[in-house]
Amino acid sequence: MYSDANEAPNGRGTTIKLHDEQAFAGMRAAGRLAAECLDMLAPLMVPGAVTDEIDKAAREFILDNGALPACLFYRGYTKTLCISSNHVVCHGIPSAKTLKSGDIANVDVTLVLDGWHGDTSRMFAIGQVKRNARRLIDVTYEALMRGIAEVKPGATLGCIGAAIQEYAEENRCSVVRDFCGHGLGRVFHDNPNVLHYGTRHTGTELREGMFFTIEPMLNLGKPAVKVLSDGWTAVTRDRSLSAQFEHSIGVTADGAEIFTLSPSGLHNPAA
Ligand code: MF3
Ligand code: CO
Ligand code: CO
């Protein structure tokens, strides 16, 4: 079930890796750089911006800082970022398309620094956005933070999912079921799967040294999604607005360490 990350075979395997203090130091540096990348992009998230140009700025920032873009060439993906606007749930592909006033857009970056993955995403409001769009963003941010607040040794993955689902549904938002958070470290998508819905005190027990993402996707309408013919872009079936935030975290002796906090305080740049 669990294994010492230093003894586990390379790759995903079947166990959940438990990491040591050196690994925490690696994740701290990778997570911080990923957060700094989103901070750097914030002023570019304006009406008229070409999403491919935003992707290019991220790629250059990552390479200039001695890291590698983890998504580039991952399972055939050809961009550094995912940029997912409006009814796009996740995995929106940067292109010649421009952002326009009233859009809401998630930017998701994953980089590898000294072998460790930093994976984080935030929502941006482009120009003036409608009240319900802003409300969806705020509910999604708070849902992520409530999920993180559950994290400590002895709690379970179900506690995280339940906290997110309860808060989302109390606020008339739905939780996407088709995508989940994931373990990460030297591996990009590792065990466990972190569901954003569930039942308290069920599922895998959290232990000190686990690393994973929490990355809830919430919709204003129904939770159902479909993937477009490009094989990546996931959209809401009812075309309702969707929002997502993501942090990479480590389980500590008494809680969670968030590796991807914004050094500039841009944790919810739309707020
Ligand atoms: N960063 C995404 C995640 O949160 C993964 C994107 S995979 C890609 O796990 F290939 F689409 F970039
Ligand atoms: Co992720
Ligand atoms: Co991500």
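An open sheet of 3 strands runs in the order β8-β12-β15, with antiparallel pairing. β8 (174-175) and β15 (242-244) sit at its edges with a single partner strand each, so one side of each has no neighbour in the sheet. Keep in mind that this is a predicted model. The other thing to look at here is a pair of cobalt ions, ligand 2 and ligand 3, bridged by aspartate 119.

- β8 and β12 pair in the antiparallel sense, over 2 bridges.
- If you want a residue pair to click on, take serine 174, whose bridge partner in β12 is asparagine 219.
- As a reminder, strands of a sheet pair through backbone hydrogen bonds, either parallel or antiparallel.

**The cobalt site**
- For comparison, ideal angles at a metal are 90 or 180 degrees for six octahedral donors.
- Aspartate 119 bridges this cobalt ion (ligand 2) and the cobalt ion (ligand 3), and the two ions lie 3.4 Å apart.
- Distant parts of the chain are linked here: aspartate 119 belongs to strand β7 (residues 116-125), while glutamate 215 is in the loop between β11 (211-214) and β12 (217-219), 96 residues apart.
- Aspartate 119 counts as buried because its relative accessibility is 2%.
- Glutamate 215 has 8% relative accessibility, so it counts as buried too.

**Out on helix α3**
- Alanine 149 belongs to helix α3 (residues 131-149).
- With 64% relative accessibility, alanine 149 counts as exposed.
- Its C-alpha atom is 17 Å from that of asparagine 268, which is 119 residues away along the chain.

**The whole protein**
- There are 4 helices and 17 strands in the protein.
- The radius of gyration is 17 Å, close to the 18 Å that the globule rule gives for 271 residues, so the protein is as compact as a globular protein of that length.
- The C-alpha trace spans about 50 × 45 × 35 Å along its principal axes.
- Buried residues account for 55% of the 271.
- Of the contacts with a separation of 6 or more, 70% come from residues 24 or more positions apart.

Conventions
Residues are numbered from 1 along each chain as its sequence is written. Chains are lettered from A and ligands numbered from 1 in the order in which they are written. This is a predicted model: local features need pLDDT of at least 70, side-chain atom pairs count only at pLDDT 80 or more; totals for chains, interfaces and linings use all residues. Side-chain values use heavy atoms; hydrogens and water are left out. Donors are N, O and S atoms within 2.8 Å of the metal (3.2 Å for Na, K and Ca); water is not among the atoms, so sites may look incomplete. Buried means under 20% relative accessible area, exposed over 50%, partly exposed in between (1.4 Å probe, protein chains only). Two strands pair if DSSP finds at least two bridges between them. The radius of gyration is taken over C-alpha atoms; the globule rule is 2.2 Å times the number of residues to the power 0.38. Contact means heavy atoms within 4.5 Å.
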